[in-house]
Amino acid sequence: METEDTRRRKPRPRTAEGGRRLQSAGSAIVVALAGLLVGLLLNAPGLHKSATIQPGGWKRDAALAVTGPLESVSGALLLDRPRRALKAVLGRPGDDEIDTAVAVPLPAPEKPVTSGEAAAPPAREKFSPKRKLRLWIAGDSLVVVPGESLLRAVGGNRAITPVGKIDGRIASGLERPDVFNWFTHVREEMRSKKPRAAVVMFGGNDDHGFMTGLPEGKEIGPFGSVTWQAEYRRRVAGIMDAITRNGAYLVWIGLPISRDDAQTQRYDTINAIVQKEAAKRPGRAAYLDTYFFFAGEDGGFAQYIADDSGRLVRMRADDGVHFERPAGDLIAEKVLERLAERYDLTSWRRSS
Amino acid sequence: MLFPTATFAIFFMIVLPLSWLLMPRGERWRPFIIAASFVFYSAWDWRFVFLLAASIVWNQVFALAIHRRSDLRGRKSLLAAAVVGNLAVLGYFKYYDFFVTSTNNLFASAGIDVPLEARSIVLPVGISFFTFMGLSYVVDVYRRDFEPVGFGTFAAYLSFFPHLVAGPIVRPRELIPQIGSQRDPRYVDTSRAFFLIATGLFMKVVIANQLAANIVDQVFGAPNQHSSLEVLVGIYAYSVQIYADFLGYTNIAIGLALLLGFTFPQNFDAPYSATSIADFWRRWHMTLSRWLRDYLYIPLGGNRGGRLLTYRNLMLTMLIGGLWHGAGWTFIAWGAIHGTALVAERWWRERPGFVERPWTRSRRAWHRFVTFQVVCFAWIFFRSDSFADAWDLIVRLFTAWGEPSPLVSGGVLAAIAVGIGSQYLPRRLPLVIMARFSRLPIPAQAAVLSLALLAVHAMGPEGVAPFIYFQF
C-alpha cells in the first residue's frame, strides 16, 4: 500500500474546516482510551447494574468480574458522585440500585372447599361510567402488544378506565428481581392505583435455570427441576396473591407457542405452574391459555395464520416469540371475555 | 453488537490501534479489517456472514466479468444477471412473505385458494444497505465510471463495519480509493470524530429512546386511549425520534470511520428545516436519495422524457424507495405521499406563468412549516402497522381535544425542541466547538469525552433499544 509517492508527499495542512487541528492517530487512540476509561469509572454504578442484570452465563460472570472492581475503584475515588448527583437532578435516584428482595404475601391457610362453594361463582359486580372498572396491564415485553390491543378494545367502553400506561418491562420476569423487581412493584402499584382488574403476562424471560433473590442459603436445581418449580411456584403465587388480595380480579395470559421447540417445552412448564396456581384461586384469578391460538395446522409454530375468510394474517414477530397486532387483538378479545365472566361491564348501557 | 454498548466499545478499542498498526501494510490491513467486520456482523447472527460473503463474491465476479467484456450486449447481459442476483436475494429475504400474503389475500377475497405458504423468513440485518452498495459497484463498473478493484479491497469496502448494517450508503468512488491508499496517521480528524460520536450517542440514547419510551410507543400502540394533543405531540415526537435515531447512528458511523482514517459522506443536513419536499430529500438520508437518483430515477429517464414521464419517474422512485424501507403497504403509502408531493411541487413550478418569488423570512418560515407537516403526515403511515391503525390515529387527532394529556410532559416537549431546534443552529457553531476542542490538551480532550459519556449514560433510559433503520 505504501509507495514512494506517499512517503515523499507534501505535508498536508494540519487544520481542517473551521480551523480545527488534525491530530495523530496516536492522539486519537490515547484520547479515546482515556476518555472511555474515565467514562467507565464515572458510570461504574450503572455499568455494574447492567452487568448484574444480564442473563446468567459466562458473559455475565465476565462483566461482573470487570464492573465489580470498577465500581469499587469509582467509589473510592468519589467518581461515582457526579452520576448520583445527575440521577438525583433527573428525579431518578434509584436507577442504579439493585433490589433482589422477593417479598411475597404469606400463603393463605388452605381451606377445604365444599362442593357448594365450588359451584357458586361470585356475583358479577357491576361497573358503569359513574363507577368505572380500573384496569391495570403489566408484565414483560410480551404483554405490550396484547396490552395495546386491550386498550384499543376497551376504548369504546366507558365503564372501563385503564390506570396508567401499559406497564411492560423489557427483559423482566419473576426469576430475576435484579432486572426489575415485580414483587415490590406490584405491591406499590396495587396500593397507589387500586385496580379492580389486572391483566398480566410473565414468564417469557423466565425459561432459564438462573434465579436471583433466593432466600438465604437456598439453592435451586436447573430449569424445570423440582426445586426450581417450587421456587417459581412460590413467586407466581406471590404475585397472584399480591394482586387478588387487594381486591383485583386477575387475568394471567399464558405463554404462546414459540418458534423454538425447546423453548415451547420450557414455556409449557411455566404455563403449567401458572395454570395450577390460578385454579387455586377461583373467582379471583383466571389463566388464559394462548397455546392453540397461534399453532399452525400441524400443531406447531406458525407466524402466519389464515383467518376465517382465508386471508393470511401475520400473528407473530420475526423473533418467533413476540406478537403482532392481530395476535394482540385476539388475546384482548379473550381477556375481555374473562373479565366479562367476572364483571358486568355492559348492563349500564341498557339502563342509561 | 450495537454501537452504544460496552461490548462494541471493547471491540472498537481493539480494532482501532491494530488498524493503524497494520495500515502501512495494506496486504495485512485488508484481511484484518474484513475479519473484524465479519466478527462485528456475526454478533447478530453468525449464519448470515455467509450471505455477506456470497454478496461480496457475486458482485466482484460480475464486476470483473463486465469489465473484461467489450461488447455492449454481453456487458448488458452480465449486468442484468448481477442485478437480478442481488435483487433475488433481497427479494427472498425481505419481500417473499409480503408477496405471498398479498397474493394470497388478493385471491382469498375472490374465494380462490393460492397454494403459497409464508416462510417466516428472518431478515438479515443490513441486507438492504450492502445490497445497494454491491449494486452500485457493478453498475459503476458497467458504466465505466469505475474500474473493478482487487478482491480484498472490494471485500473491505462492502463489509467495512462502520457502514455495514445501517449505512450511510457509501459509493465505490467515495470509499474504495481511500481503502486502496494508505491513510496518513499524522492527520486524523479527531475533533470531528469525537464530536460526531458524542452527538450521535446523545441523539440516539437520550432523545430518540426517551421519546420512544415516553410517548411514541403508547400513542401509536393505542391511539384511542390518548387525547388529540397527545396524538399530535406523539406524531411530532416520532418525527424527531426517527431523525435522532438515524442521525445518531450515522454520526457514530461517520465518527468511527474518521478515527480509522476514512471519510464517509454526510447523510443528513437539517432535514426539518427544508422548505419543500424536494428540499427535504436533498437533506434526509442523502446517500439513499443520491443512490435512488443515480441508479433508479435517471435510468428510468429522469426528467428527459417530458412532464408526464418525469412525474411517473418521480412517483416510481418514491414508491420503490418506500418499499425499500419495509415490506408493507404502509411503507408504499409513505413513498406515495412523498412522490405525490414531489410531483405536485414540480407541477406548481412548471405551470405557465410561474415566477419564483424571492425568499422572505416569513415565506421561508411558512414553507418550512408546511413541509414539516407533510413529512409528519407521511410518518404516520411509516410508523403504523396497518392502514387501519393509521386511520385510527388520524381520526383521534381530531376527535379528542380537551381530554387530559399526561404524556405531554416537559421532558417530551424538551426532547422535541432539542431535536427540531438543533437543525436551526448556526452552521458555524459545530465548527467552533470542534476547533476549540481540537486545541485542548489531550488530557482535557479525554476529560470532555468522559463527561459526555457520563451525561449520555446517566440521562438515557435503561437498556439499549435497537436502531430503527436496522430493520430496513
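Visitor: What makes both faces of strand S6 of chain A count as covered?

Guide: A:Tyr249, A:Val251 and A:Ile253 on one side are buried, and so are A:Leu250 and A:Trp252 on the other. Buried means under 20% relative accessible area, exposed means over 50%, and partly exposed lies in between (1.4 Å probe, protein chains only). The strand label is a DSSP one: strands (E, at least two residues) and helices (H or I, at least four) are runs numbered from the N terminus. This is a predicted model, in which local features need pLDDT of at least 70, side-chain atom pairs count only at pLDDT 80 or more, and totals for chains, interfaces and linings use all residues. Residues are numbered from 1 along each chain as its sequence is written, chains are lettered from A and ligands numbered from 1 in the order in which they are written, and side-chain values use heavy atoms, with hydrogens and water left out.

Visitor: Why is S6(A) called largely enclosed?

Guide: Five of the five residues of S6(A), 249–253, are buried, so the strand is largely enclosed by the rest of the structure.

Visitor: How do you know that S5(A) and S6(A) are joined?

Guide: Two strands pair if DSSP finds at least two bridges between them. Strand S5 (residues 197–201) of chain A has four bridges to S6(A), and the two run parallel. A:Val199 stands opposite A:Val251. A:Val200 has A:Trp252 as its bridge partner.

Visitor: What makes S5(A) mostly covered?

Guide: Five of its five residues are buried. On one side these are A:Ala197, A:Val199 and A:Met201; on the other, A:Ala198 and A:Val200.

Visitor: Which strand is joined to S5(A) by five bridges?

Guide: Strand S2 (residues 133–139) of chain A, running parallel to S5(A). A:Gly139 stands opposite A:Met201 there.

Visitor: What makes A:Glu148 and A:Arg325 a salt bridge?

Guide: A salt bridge is a side-chain nitrogen of Lys or Arg within 4 Å of a carboxyl oxygen of Asp or Glu. For A:Glu148 and A:Arg325 the N to O distance is 3.9 Å. A:Glu148 lies in helix H7 (residues 144–154) and A:Arg325 in helix H11 (residues 325–342) of chain A, so the pair ties together parts 177 residues apart in sequence.

Visitor: Are A:Glu148 and A:Arg325 buried or exposed?

Guide: A:Glu148 has a relative accessible area of 12%, so A:Glu148 is buried. A:Arg325, at 11%, counts as buried.

Visitor: What makes A:Glu277 and A:Arg233 a salt bridge?

Guide: Their closest N and O atoms are 3.5 Å apart. A:Glu277 sits in helix H10 (residues 261–279) and A:Arg233 in helix H9 (residues 226–244) of chain A, so the pair ties together parts 44 residues apart in sequence. A:Glu277 is buried at 2% relative accessible area. A:Arg233 is at 24%, so A:Arg233 counts as partly exposed.

Visitor: What makes a patch of positive charge on the surface?

Guide: Patch residues have over 30% relative accessible area and no salt bridge; like charges are joined within 9 Å, nonpolar side chains (Val, Leu, Ile, Met, Phe, Trp, Tyr) within 5 Å. Lys and Arg count as positive. A:Arg134, A:Arg187, A:Arg191 and A:Lys194 gather in such a patch. A:Arg187 lies in helix H8 (residues 182–193) of chain A. At 37%, A:Arg187 counts as partly exposed.

Visitor: Which residues make the nonpolar surface patch?

Guide: B:Ile10, B:Ile14, B:Leu18 and B:Leu21 make a patch of about 390 Å². B:Leu21 lies in helix H1 (residues 6–22) of chain B.

Visitor: Why is B:Leu21 called exposed?

Guide: Its relative accessibility is 58%, so B:Leu21 counts as exposed.

Visitor: Where is A:Arg14 placed?

Guide: In the loop between helix H1 (4–7) and helix H2 (25–42) of chain A. At 49%, A:Arg14 counts as partly exposed. A:Arg14 and A:Ser24 are ten residues apart in sequence and 9.8 Å apart in space, C-alpha to C-alpha.

Note on methods
Areas by Shrake-Rupley, 256 points an atom, 1.4 Å probe, with all protein chains shown as cover. Charge placed at Lys NZ, Arg CZ, Asp CG, Glu CD.
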